[in-house]
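Good morning. I will take one structure today and go through it piece by piece. Please look at the sequence and the model before I start.

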Amino acid sequence: MISVMNNTKWRELRKAMSCLGAASPQWKVKILSTGYQSNWDGDWCYHFADDNYSDIEWVEIKVDGEPQRSLVLNALKNVHVAGSLTEDGYRIYGYVSDFNSVDYL
(Lines give C-alpha, C1' and ligand atoms only; values in the text may rest on other atoms or scores of the structure.)
Protein backbone atom coordinates (compact mmCIF):
# COMPACT_ATOMS: atom_id res chain seq x y z
CA MET A 1 0.00 0.00 0.00
CA ILE A 2 1.16 3.50 -0.85
CA SER A 3 0.26 6.54 1.26
CA VAL A 4 -1.52 9.29 -0.67
CA MET A 5 -2.39 11.50 2.34
CA ASN A 6 -0.55 13.07 5.24
CA ASN A 7 -1.62 14.59 8.55
CA THR A 8 -1.86 18.07 7.03
CA LYS A 9 -4.25 16.91 4.29
CA TRP A 10 -6.40 14.99 6.81
CA ARG A 11 -6.64 18.14 8.92
CA GLU A 12 -7.58 20.18 5.84
CA LEU A 13 -10.31 17.63 5.06
CA ARG A 14 -11.60 17.77 8.63
CA LYS A 15 -11.70 21.57 8.58
CA ALA A 16 -13.40 21.71 5.17
CA MET A 17 -16.13 19.28 6.24
CA SER A 18 -16.73 20.91 9.63
CA CYS A 19 -16.94 24.35 7.98
CA LEU A 20 -19.99 23.17 6.02
CA GLY A 21 -21.99 23.67 9.23
CA ALA A 22 -25.49 22.23 8.94
CA ALA A 23 -24.51 20.66 5.59
CA SER A 24 -21.61 18.81 7.18
CA PRO A 25 -21.80 15.15 6.08
CA GLN A 26 -21.45 11.93 8.03
CA TRP A 27 -18.26 9.88 7.73
CA LYS A 28 -16.76 6.52 8.62
CA VAL A 29 -13.18 5.27 8.50
CA LYS A 30 -11.33 2.06 7.80
CA ILE A 31 -8.13 1.50 9.76
CA LEU A 32 -5.31 -0.01 7.71
CA SER A 33 -3.53 -2.04 10.41
CA THR A 34 -6.64 -3.72 11.87
CA GLY A 35 -9.25 -3.58 9.12
CA TYR A 36 -11.65 -1.96 11.61
CA GLN A 37 -14.48 0.07 10.07
CA SER A 38 -16.21 2.62 12.25
CA ASN A 39 -19.91 3.36 12.30
CA TRP A 40 -21.23 6.49 10.61
CA ASP A 41 -20.45 9.62 12.63
CA GLY A 42 -21.27 13.28 12.06
CA ASP A 43 -18.76 14.94 14.39
CA TRP A 44 -15.79 16.23 12.41
CA CYS A 45 -14.47 18.53 15.16
CA TYR A 46 -13.88 16.07 17.99
CA HIS A 47 -14.40 12.49 16.81
CA PHE A 48 -12.34 12.92 13.64
CA ALA A 49 -9.68 14.96 15.43
CA ASP A 50 -6.34 13.23 15.80
CA ASP A 51 -2.69 14.18 15.92
CA ASN A 52 -1.73 11.22 13.76
CA TYR A 53 -3.92 10.02 10.91
CA SER A 54 -1.27 7.67 9.51
CA ASP A 55 -3.35 4.50 9.95
CA ILE A 56 -6.46 5.58 8.00
CA GLU A 57 -6.90 3.49 4.86
CA TRP A 58 -9.94 5.49 3.75
CA VAL A 59 -12.74 7.76 4.88
CA GLU A 60 -16.19 7.43 3.37
CA ILE A 61 -18.37 10.50 3.30
CA LYS A 62 -22.15 10.06 3.10
CA VAL A 63 -24.17 12.81 1.46
CA ASP A 64 -27.88 13.38 1.72
CA GLY A 65 -29.16 14.60 -1.63
CA GLU A 66 -27.81 16.62 -4.51
CA PRO A 67 -27.40 19.98 -2.74
CA GLN A 68 -25.16 18.43 -0.06
CA ARG A 69 -23.31 16.34 -2.68
CA SER A 70 -22.43 19.52 -4.56
CA LEU A 71 -21.25 21.36 -1.42
CA VAL A 72 -19.12 18.41 -0.31
CA LEU A 73 -17.59 17.93 -3.75
CA ASN A 74 -16.62 21.61 -3.95
CA ALA A 75 -14.99 21.36 -0.52
CA LEU A 76 -13.15 18.17 -1.54
CA LYS A 77 -11.88 19.83 -4.72
CA ASN A 78 -10.55 22.74 -2.68
CA VAL A 79 -8.60 20.34 -0.47
CA HIS A 80 -7.52 18.26 -3.52
CA VAL A 81 -7.61 14.75 -2.12
CA ALA A 82 -7.35 11.29 -3.66
CA GLY A 83 -10.88 9.98 -3.88
CA SER A 84 -13.73 8.44 -5.78
CA LEU A 85 -17.48 8.62 -6.06
CA THR A 86 -19.44 5.98 -4.12
CA GLU A 87 -23.10 5.04 -3.90
CA ASP A 88 -23.44 7.02 -0.65
CA GLY A 89 -21.12 9.90 -1.52
CA TYR A 90 -17.34 9.83 -1.66
CA ARG A 91 -14.38 7.75 -0.54
CA ILE A 92 -11.18 9.59 0.35
CA TYR A 93 -8.07 7.44 0.31
CA GLY A 94 -5.25 7.49 2.80
CA TYR A 95 -3.60 4.49 1.12
CA VAL A 96 -3.97 2.82 -2.26
CA SER A 97 -2.63 -0.41 -3.64
CA ASP A 98 0.53 0.13 -5.64
CA PHE A 99 -1.23 -1.66 -8.50
CA ASN A 100 -4.17 0.77 -8.69
CA SER A 101 -4.29 4.31 -9.95
CA VAL A 102 -6.31 6.91 -8.11
CA ASP A 103 -8.06 10.08 -9.18
CA TYR A 104 -7.92 13.34 -7.28
CA LEU A 105 -11.01 15.34 -6.49
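Is strand E3 (residues 56-62) mostly covered or mostly uncovered? E3 is mostly covered: 6 of its 7 residues are buried. Buried means under 20% relative accessible area, exposed means over 50%, and partly exposed lies in between, with a 1.4 Å probe and protein chains only.

Before going further, some ground rules. This is a predicted model, in which local features need pLDDT of at least 70 and side-chain atom pairs count only at pLDDT 80 or more, while totals for chains, interfaces and linings use all residues. Residues are numbered from 1 along each chain as its sequence is written, and side-chain values use heavy atoms, with hydrogens and water left out.

Now the outline. The protein has 2 helices and 6 strands. Helices (H or I, at least four residues) and strands (E, at least two) are DSSP runs, numbered from the N terminus. Along the sequence the pattern reads β-α-β-β-α-β-β-β.

Back to E3 and its partners. Strands count as paired if DSSP finds at least two bridges between them. Strand E2 (residues 26-31) is joined to E3 by 6 bridges, and the two run antiparallel. Within that pair, Trp27 stands opposite Ile61, and Gln26 stands opposite Lys62. Strand E5 (residues 89-93) is also antiparallel to E3, with 5 bridges; here Trp58 faces Tyr93.

What is the order of the strands in the open sheet? The order is E2-E3-E5-E4, 4 strands with antiparallel pairing. E2 and strand E4 (83-85) are at the edges and have a single partner strand each, so one side of each has no neighbour in the sheet. From one strand to the next, the twist averages 20°.

Both helices pack on this sheet. H1 touches E3 and E5, and its direction makes about 15° with that of E3. H2 touches E3, E4 and E5, and its direction makes about 20° with that of E5. Axes are lines fitted to C-alpha atoms, for helices over the stretch in contact, and angles run from 0 to 180 degrees between N-to-C directions.

Next, the interior. A nonpolar core is a set of buried Ala, Val, Leu, Ile, Met, Phe, Trp, Tyr and Cys residues joined through side-chain atoms within 4.5 Å. The largest one has 23 residues, and those with the most contacts inside it include Val59, Ile61, Leu76 and Ile92. Helix H1 (7-18), E2, E3, helix H2 (66-79) and E5 each supply at least two residues of this core.

What does Leu76 touch, leaving aside its neighbours within four places in sequence? Leu76 is in contact (heavy atoms within 4.5 Å) with Leu13, Met17, Ile61, Val81, Tyr90, Ile92 and Leu105.

A word on cysteines. The structure holds 0 disulfides, a disulfide being a pair of cysteine sulfur atoms within 2.5 Å. For Cys19, the nearest cysteine sulfur is that of Cys45, 8.1 Å away. Cys19 is exposed, at 57% relative accessibility, whereas Cys45 is partly exposed, at 43%.

Last, the whole protein. Of its 105 residues, 39% count as buried. The C-alpha atoms fill a box of roughly 35 × 25 × 25 Å along the principal axes. That is the tour.
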